[in-house]
Amino acid sequence: MNRCRDSLRLLASLCTAYALVVSACSPRDTNSSAADSQAAHVRDVVAAGGTVDSIHPIAEQLQRFQVDVAEPPDSLRHASASIDGLVTRWARAVATRDTASLNRMTIDRAEFAWLYYPGSRLSKPPYEAPPQLLWGQILDNSDGGARQLFARFGGSPFQLILVKCPAPSDTTSTSLVYTDCSVRVRLTNGHVVEDRLFGSIIEHQGRFKFLGYANRL
């Protein structure tokens with residue numbers, strides 16, 4: 001019975017953490033259906049067993065997650081010197097359907113494991129989202145967002161007019177995270193679109209990369 005109660009408390013904790021993951025890695029939306037589906041996914045993961053190692057503390061889970069990284073990075077690779085510079089690269093890559101360039105502009109597993117996750121509020125109480133779960137969600141949201149970007153804007157040049165980012169929403173000793181950034185673009189037909197077309201941006205030592213391409217399309 002005690003083990004059952006512990007499992008239920010663990011599941012509730014994971015669902016709460018997962019909802020925070022969604023808000024950190026994708027644009028905010030008042031519609032709760034997305035968060036509900038994400039929480040359902042967590043229940044499926046926990047029920048399947050083996051994927052989310054919830055028995056061990058976060059520090060040990062992070063050590064296990066970092067094992068596959070041969071050499072910890074000391075900076076963001078293929079990064080830009082400013083948010084405007086990063087978004088300009090993003091616009092060019094989307095317009096030309098340059099998947100390789102888009103991939104280089106997002107943090108990789110090593111950067112996530114060593115530069116982003118350890119200082120993120122999601123790694124600390126009361127959230128403590130397991131690193132493997134958070135990383136998997138970032139990848140899933142980013143892949144889906146990139147496909148939506150290509151379907152809407154890919155293959156046709158568009159003009160980047162404006163980039164707006166609120167103050168950082170998450171601050172650590174070495175990194176800043178900007179969420180809810182929006183862009184204004186002019187399409188070839190003259191229409192102007194303004195929306196949140198990518199996910200959060202991480203700044204580390206004055207260098208900028210995307211956490212992913214989750215968007216509102």
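Predicted model: local features only at pLDDT ≥ 70, side-chain atom pairs only at ≥ 80, totals over all residues.
Residues are numbered from 1 along each chain as its sequence is written, and side-chain values use heavy atoms, without hydrogens and water.

Next I looked up the axes. Those of α3 (residues 58-66) and α7 (residues 131-153) come within 9 Å and cross at roughly 55°. Axes are lines fitted to C-alpha atoms, for helices over the stretch in contact, with angles from 0 to 180 degrees between N-to-C directions. The two helices are therefore oblique to each other; oblique is what remains after under 35 degrees (roughly parallel), over 145 (roughly antiparallel) and 65 to 115 (roughly perpendicular). Helices (H or I, at least four residues) and strands (E, at least two) are DSSP runs, numbered from the N terminus.

I then followed α7 itself. Its 23 residues reach 32 Å from first C-alpha to last, close to the 33 Å expected at 1.5 Å a residue, the expected span being 1.5 Å times one less than the number of residues. Glycine 155, with a positive phi near 85°, follows α7.

The largest nonpolar core has 27 residues, and Trp90, Phe198, Ile201, Phe210 and Tyr213 touch the most other members. Such a core is a set of buried Ala, Val, Leu, Ile, Met, Phe, Trp, Tyr and Cys residues joined through side-chain atoms within 4.5 Å. Buried means under 20% relative accessible area, exposed over 50%, partly exposed in between (1.4 Å probe, protein chains only). I list α4 (83-95), α7, β4 (182-186) and β7 (207-210) as the elements giving two or more residues to this core. Helix α4 gives the most, eight residues.

Last, I checked the backbone. Proline 125 and proline 126 are joined by a cis peptide bond, with omega about 5°. Proline 126 is in the loop between α6 (109-116) and α7. Histidine 78, in the loop between α3 and α4, has a positive phi near 55°.
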